[in-house]
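Thanks for coming, everyone. Please put the structure up on your screens and keep the sequence beside it. I will walk through it piece by piece.

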Amino acid sequence: MKFKNEELKVAADAIRVLVADMVEKANSGHPGGSMGQADVAATLWLEYLRVDPKNPLWPDRDRLVFSGGHCSPLVYSLFHLAGMDGLSLDEVKNFRQFGSRTAGHPERDQIRGIEVTTGPLGQGLAMGVGLALAAKMKGKANRTWVLCGDGDMEEGISHEACSFAGTLGLDGLVVIYDANDITIEGHATLAMKDDTQARFTSYGWKVFTCDGHDFDAIRAALDAAVAVSDAPVLVISRTHIGQRAPT
């Protein structure tokens, strides 16, 4: 189903408001990455992702992995707005509180629809490769989508897992890389000067790029990604951290 750009913008901004309010109320957490990915996440969820919020464990669903666990506000915003596993506004308001289902990093057993528990950067990306491989071995036609950031790309495990995926020609795997040039240390270039596009091309991946705040560009990249049938895909989405925040 296709939406008007204006409708996607409303959805993305609703995500941003929830993200900002969650972190502000908890006085804990990271809003920037979630707000920066809101346009891509809204487009992916509404137009490409095959899930059923009323049946989160539907066997033929697409798998969605949030490799950056610090972007949990994005997960909970999407799940609440979609009605995934009945995630209520009250539960969203309890973000990062003791005993809450909305933990600081998404936990698989707390909310149905969270495919993996992510913590250390890079590990969610590797688990996404594992999920895609499992689907391939079972002859499933579903896709595995992974959202990751600069911090994931810095980690050695991402090199190993993604080289392996390329060697296998692991189609059905789409990694959306939120390239905002920011990590916990500061600018990503402090620790990483790789040419990511060249790196993944050398692994055997198909690579597409887009402006992560331009809905038409996002669609073009995702359309190209789902048309690939013989290799894993990396979509490099260039975004601004904390997009639309007043400061």
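**Helices, sheet and cores**

Let's start with a helix: the buried residues of α1 pack against α2 (32–36), α3, α4, α5 (89–93) and α10. Before going on, one reminder: this is a predicted model.

Which residues of α1 are buried? They are Leu8, Ala12, Asp13, Ile15, Arg16, Leu18, Val19, Met22, Val23 and Ala26. Look at the spacing as you read along. An α-helix has 3.6 residues a turn, so residues three or four places apart point the same way.

The helix α1 has 22 residues. From its first C-alpha to its last, α1 reaches 32 Å, close to the 32 Å expected at 1.5 Å a residue.

What comes just after α1? There, Asn27 takes a positive phi of about 55 degrees, although Asn27 is not a glycine. Asn27 lies in the loop between α1 and α2. Buried or exposed? Asn27 is exposed, with a relative accessible area of 71%. Arg244 is another non-glycine with a positive phi, of about 75 degrees. Find Arg244 in the segment after β7.

Next, the sheet. This open sheet has five strands, in the order β1-β2-β3-β7-β6, with parallel pairing. From one strand to the next, the twist averages 20 degrees. As background, strands of a sheet pair through backbone hydrogen bonds, either parallel or antiparallel.

Now go along the sheet, pair by pair. β1 and β2 pair in the parallel sense over four bridges. Here Val65 stands opposite Val146 in β2. Next, β2 and β3 are joined in the parallel sense by six bridges. Gly149 has Asp178 in β3 as its bridge partner. Then β3 (residues 173–179) and β7 (residues 233–238) run parallel, with six bridges between them. Ala179 is found opposite Arg238 in β7.

Stay with β2 for a moment. How many of the six residues in β2 (residues 144–149) are buried? Six of six, and β2 is mostly covered. In a regular strand the side chains alternate between the two faces of the sheet. You can see that here: Thr144, Val146 and Cys148 point one way from β2, while Trp145, Leu147 and Gly149 point the other way.

On to the nonpolar cores. In soluble globular proteins, nonpolar side chains tend to be buried together. The largest nonpolar core here has 45 residues. Which of them touch the most other members? Leu64, Tyr76, Leu78, Phe79, Trp145, Ile176 and Val235 do. At least two residues of this core come from each of α1 (5–26), α3 (38–47), β1, α4 (72–82), β2, β3, α10 (215–227) and β7. Our opening helix, α1, gives the largest share, eight residues. There is also a second, separate core of 23 residues, which includes Val65, Ala179, Met192 and Trp205.

Zoom in on Val235. Leaving aside neighbours within four places in sequence, Val235 contacts Val174, Val175, Ile176, Tyr177, Phe208, Cys210, Ala221, Leu222 and Ala225.

Now α4. Eight of the 11 residues in α4 are buried, so this helix is mostly covered. The buried residues are Ser72, Pro73, Leu74, Val75, Tyr76, Ser77, Leu78 and Phe79. They pack against α1, α2, α3, β1, α5 and β2. Just after α4, Gly83 takes a positive phi of about 75 degrees.

Another helix pair next. α8 (residues 156–168) and α9 (residues 196–203) pack at an angle of about 45 degrees, and their axes are 8 Å apart. The two helices are therefore oblique to each other. On the α8 side, the residues in contact are Ser158, His159, Cys162, Ser163, Gly166 and Thr167. On the α9 side, they are Arg199, Phe200 and Tyr203.

Last stop: Pro232, in the loop between α10 and β7. Pro232 is buried, with a relative accessible area of 0%.

Notes:
Residues numbered from 1 in each chain as written. Predicted model: local features only at pLDDT ≥ 70, side-chain atom pairs only at ≥ 80, totals over all residues. Heavy atoms only, no water. Pairing = 2+ DSSP bridges. Axes fitted to C-alpha atoms, helices over the stretch in contact; angles between N-to-C directions. Buried < 20%, exposed > 50% of the residue type's maximum accessible area, 1.4 Å probe, protein only. Core = buried A, V, L, I, M, F, W, Y, C linked by side-chain atoms within 4.5 Å. Contact = heavy atoms within 4.5 Å. Expected span 1.5 Å × (residues − 1). Parallel < 35°, antiparallel > 145°, perpendicular 65-115°, else oblique.
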